[in-house]
There are 2 protein chains.
Amino acid sequence: MSRILIIGAGGVGNVVAKKCAMHSELFTDIWIASRTLAKCDVIKKEVKELCGVDLTTARVDADNVPELVDLIQKCQPKLVINVALPYQDLTIMDACLECGVHYLDTANYEPEDTAHFEYSWQWAYQEKFREKGLMALLGCGFDPGVTNIFCAYAQKHLFDAIETIDILDCNAGDHGHPFATNFNPEINIREVTQVVRHYKDGEWVETPPILEDDCVHFSFDYPVAGPRESYLLYHEEMESLAKHIKGLKRIRFWMTFGQPYLTHLKVLENVGMTRIDEVDFEGNKIVPIRFLKALLPDPGSLGSNYTGKTVIGCVIRGDKDNKPQSKYIYNICDHTEAFGEVQSQAVSYTTGVPAMIGAMMMVTGTWSGAGVFNVEQLDPDPFMEQLNKNGLPWQITDFTGQLPE
Amino acid sequence: MSRILIIGAGGVGNVVAKKCAMHSELFTDIWIASRTLAKCDVIKKEVKELCGVDLTTARVDADNVPELVDLIQKCQPKLVINVALPYQDLTIMDACLECGVHYLDTANYEPEDTAHFEYSWQWAYQEKFREKGLMALLGCGFDPGVTNIFCAYAQKHLFDAIETIDILDCNAGDHGHPFATNFNPEINIREVTQVVRHYKDGEWVETPPILEDDCVHFSFDYPVAGPRESYLLYHEEMESLAKHIKGLKRIRFWMTFGQPYLTHLKVLENVGMTRIDEVDFEGNKIVPIRFLKALLPDPGSLGSNYTGKTVIGCVIRGDKDNKPQSKYIYNICDHTEAFGEVQSQAVSYTTGVPAMIGAMMMVTGTWSGAGVFNVEQLDPDPFMEQLNKNGLPWQITDFTGQLPE
């Protein structure tokens with residue numbers, strides 16, 4: 001039997017719990033813990049109705065290592081699936097090390113007081129996990145996660161050498177709100193307001209943030225969704241792919257944004273509502289972006305009226321048999337179908353399903369190793385097979401379109 | 001000698017204090033009080049440098065009647081000039097009644113928990129002031145205030161009968177910030193997000209708020225400023241003018257807004273930042289619009305880089321000698337010149353100067369009476385004369401333009 005502990009009961013935690021419960025032959029005992037026990041209990045009830053499986057719920061403050069250790073020792077899981085906040089990656093890794101259990105997450109660590117996305121903090125755990133014979137699997141959501149696996153698959157099967165990768169993330173959905181974010185607003189807004197970087201010829205090139213007039217964008221013609229304005233953005237998987245895809249000359253990440261979303265974000269930035277520092281207010285210290293989060297719709301609540309699709313994939317260029325070729329590997333996920341299956345919109349769905357598959361790889365021993373791993377370092381084939389079986393089918397086409405040079 | 005007590009040390013309080021100090025032959029002893037003593041002390045220092053006059057400063061919580069009474073008894077002024085928050089009109093009126101001193105304000109009372117602008121609360125003090133032989137002068141800023149006096153002047157000198165009044169308020173200034181309000185953001189935003197009303201044939205007609213697509217607006221060609229999109233808005237002086245201008249069939253109020261201002265406000269409304277109710281946040285009760293106010297530039301700080309002009313006036317139509325005629329009475333005020341004179345932008349300037357003139361009318365006995373008065377009930381001539389002498393010159397022209405019917 002494999003007991004797992006899911007930490008985090010937001011939109012992604014909901015998907016992970018339900019998808020794991022659908023594989024109760026593998027995940028024979030599922031625990032879910034969060035700062036707010038009531039959120040776990042809602043998921044427990046829905047999982048029981050959906051799959052007839054009984055979860056165990058618990059309360060935990062994921063910022064607090066001793067509390068995490070107590071919980072993990074009580075639960076004795078084979079693996080901790082971390083779908084809490086990115087600020088909490090290191091405390092959860094510390095607790096896993098102390099308790100001798102494997103670790104998986106979907107987003108890299110980010111310090112709470114600076115919007116600074118990079119793997120260095122987590123890669124620094126390499127020796128600690130190796131010494132204990134434990135595996136830490138980093139960034140096993142969709143992007144990072146599936147996009148990395150698409151690249152690993154391309155490297156293994158489609159190319160002799162990869163030259164460039166362009167990851168293209170399109171959410172062509174409509175949630176019906178004037179402004180809402182598809183995952184934790186605090187994390188989302190920190191991500192999209194930062195300085196943009198992409199990797200070229202061994203260096204990181206900086207370009208203006210997406211709210212600036214001179215930011216880099218172009219219209220990409222997505223399958224099903226059609227042409228959508230796509231903005232150059234920094235995204236964490238570029239850091240590990242630049243390291244792990246041999247001979248890579250350039251990697252860029254593009255994300256679609258609608259003009260209303262950008263207008264809202266620009267205004268919120270103008271008035272200071274996206275600030276992550278503390279502001280003195282009526283005797284309290286208030287972080288504006290946290291207060292904004294409290295006002296915006298809960299991303300978990302968006303699903304019920306969400307229509308449209310996400311289209312996320314990689315355009316990869318390189319050589320095969322001494323000939324240049326371009327391939328496009330992508331997944332299309334439908335918001336309404338995702339909600340019908342697990343009561344969650346596609347952005348949470350596309351993150352939660354890969355986390356479950358990663359856990360599947362780890363508890364079955366399909367993926368194993370001691371140390372800290374990014375997903376592209378492991379065999380993509382069994383993972384790619386499970387994507388097709390678990391609601392995230394992928395397609396590969398020759399890419400004949402244009403990308404900015 | 002006339003001792004006066006100014007309550008409120010914001011942008012308008014600053015102008016009132018300086019303009020009064022320029023008339024130290026009339027206002028022989030000037031006190032200024034506010035919740036924040038430091039703001040009074042800054043004004044005191046500037047007044048000393050500007051006019052060589054020594055103010056007396058004091059701290060007071062204007063929500064607290066006993067505190068106000070203590071202060072007024074200590075100060076023994078002839079008149080209290082209230083330029084604090086509109087929520088505080090009634091407590092200050094109560095304290096004036098208790099202490100037997102006259103009262104003047106520039107904006108009508110508004111309850112803190114609902115955006116509801118009307119004179120009924122203050123008009124209800126009629127008997128109390130009458131019985132004590134005291135005068136309460138309401139709404140003696142620019143609009144309300146000077147706009148009412150323009151109407152009274154028109155009634156007295158220019159028309160046999162007034163049929164319609166259109167008040168047109170244009171701020172063609174540029175403060176250089178992506179978004180800021182020209183006076184207290186809390187009051188400003190409450191005012192402009194409310195349902196719009198105008199008076200027609202004895203009834204109040206409702207139209208959509210200015211942020212709705214179907215709100216009422218047109219382009220008016222302002223003197224100097226040129227054509228500007230002007231939005232139908234509810235403004236408090238319409239209520240008293242509809243009562244006091246005999247035979248009036250219609251009164252409307254229009255205010256200019258730039259598209260960036262409207263876009264910012266719409267976004268802030270969309271995300272809930274203009275809410276005036278309490279939100280639970282991290283164990284505290286936070287009123288979003290108050291937190292927004294804490295983030296936005298202090299209106300008092302806008303002056304130093306403010307350029308351009310305000311153009312505020314009334315288009316009045318009616319009959320004279322059995323012939324229809326249209327007159328336009330207006331003032332043009334320059335932000336940079338206002339700042340040069342009293343370190344304040346024109347929006348505070350155009351409110352503060354009339355408050356000083358109203359006080360002048362009262363302490364000299366030019367205007368007198370027992371009870372609650374709106375300015376249009378008093379003789380406009382001496383006030384109009386002082387406008388020309390104190391930085392707010394007015395002009396009257398025949399109006400030949402078009403207004404929406």
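Author: Let's start at A:Pro144, which sits in the loop of chain A running between strand E6 (135-138) and helix H7 (146-158). Bear in mind that this is a predicted model. What is the peptide bond from A:Asp143 to A:Pro144 like, cis or trans? It's cis, with omega near 10 degrees. Now hop over to chain B: the bond from B:Asp143 to B:Pro144 is cis too, again with omega near 10 degrees. B:Pro144 likewise has its place in a loop, the one between strand E6 (135-138) and helix H7 (146-158) of chain B.

Why stop for a bond like that? Most peptide bonds are trans, and most residues other than glycine have a negative phi.

Back in chain B, go to the loop between H7 and strand E7 (161-174), where B:Asp160 is found. B:Asp160 is worth a zoom. In sequence, 158 residues separate B:Asp160 from B:Gly318, yet their C-alpha atoms are 7.6 Å apart. Leaving out residues up to four places away in sequence, B:Asp160 touches B:Asp319, B:Lys320, B:Asp321 and B:Asn322. With B:Asp321 there's a polar detail to look at: its backbone nitrogen lies 2.6 Å from a polar atom of the B:Asp160 side chain.

A:Arg252 and A:Asp166 form a salt bridge, with 2.6 Å between the closest N and O atoms. This one ties together distant parts of the chain, since A:Arg252 belongs to strand E12 (residues 250-256) and A:Asp166 to strand E7 (residues 161-171), 86 residues apart. Over all chains, the whole structure has 51 salt bridges.

For some helix packing, look at H1 (residues 11-21) and H2 (residues 37-51) of chain B, which pack at about 30 degrees with axes 10 Å apart. The crossing of H1(B) past H2(B) is right-handed. On the H1(B) side the residues are B:Gly13, B:Asn14, B:Ala17, B:Lys18 and B:Ala21, and they meet B:Ile43, B:Glu46, B:Val47, B:Leu50 and B:Cys51 of H2(B). By class, that contact comes to 6 nonpolar, 2 polar and 2 charged residues.

Last, where the chains meet. Here 23 residues of chain B contact 23 residues of chain A. About 2,100 Å² is buried between the two chains, and carbon and sulfur atoms account for 78% of it. On the chain B side, B:Val271, B:Phe281 and B:Phe291 lose the most area to chain A, together 29% of what that side buries. How many salt bridges are there between chain B and chain A? The count is 0, and 2 residue pairs are in polar contact, both at pLDDT 80 or more. The chain B elements giving two or more residues to this side are helix H10 (259-270), strands E13 (279-281) and E14 (284-286), and helix H11 (288-295). H11(B) gives the most, with 6 residues. Sorted by class, the chain B side holds 15 nonpolar, 5 polar and 3 charged residues.

Conventions: Residues numbered from 1 in each chain as written. Chains lettered and ligands numbered in written order. Predicted model: local features only at pLDDT ≥ 70, side-chain atom pairs only at ≥ 80, totals over all residues. Heavy atoms only, no water. Contact = heavy atoms within 4.5 Å. Buried area = accessible area lost by both parts, 1.4 Å probe. Salt bridge = Lys/Arg side-chain N within 4 Å of Asp/Glu carboxyl O. Polar contact = N/O pair within 3.5 Å; in protein donor to acceptor, adjacent residues only side chain to side chain. Helix = DSSP H or I, 4+ residues; strand = E, 2+ residues; numbered from the N terminus. Nonpolar A, V, L, I, M, F, W, Y, C, P; charged D, E, K, R; others polar. Axes fitted to C-alpha atoms, helices over the stretch in contact; angles between N-to-C directions. Left-handed = near helix turned anticlockwise from the far one by under 90°.
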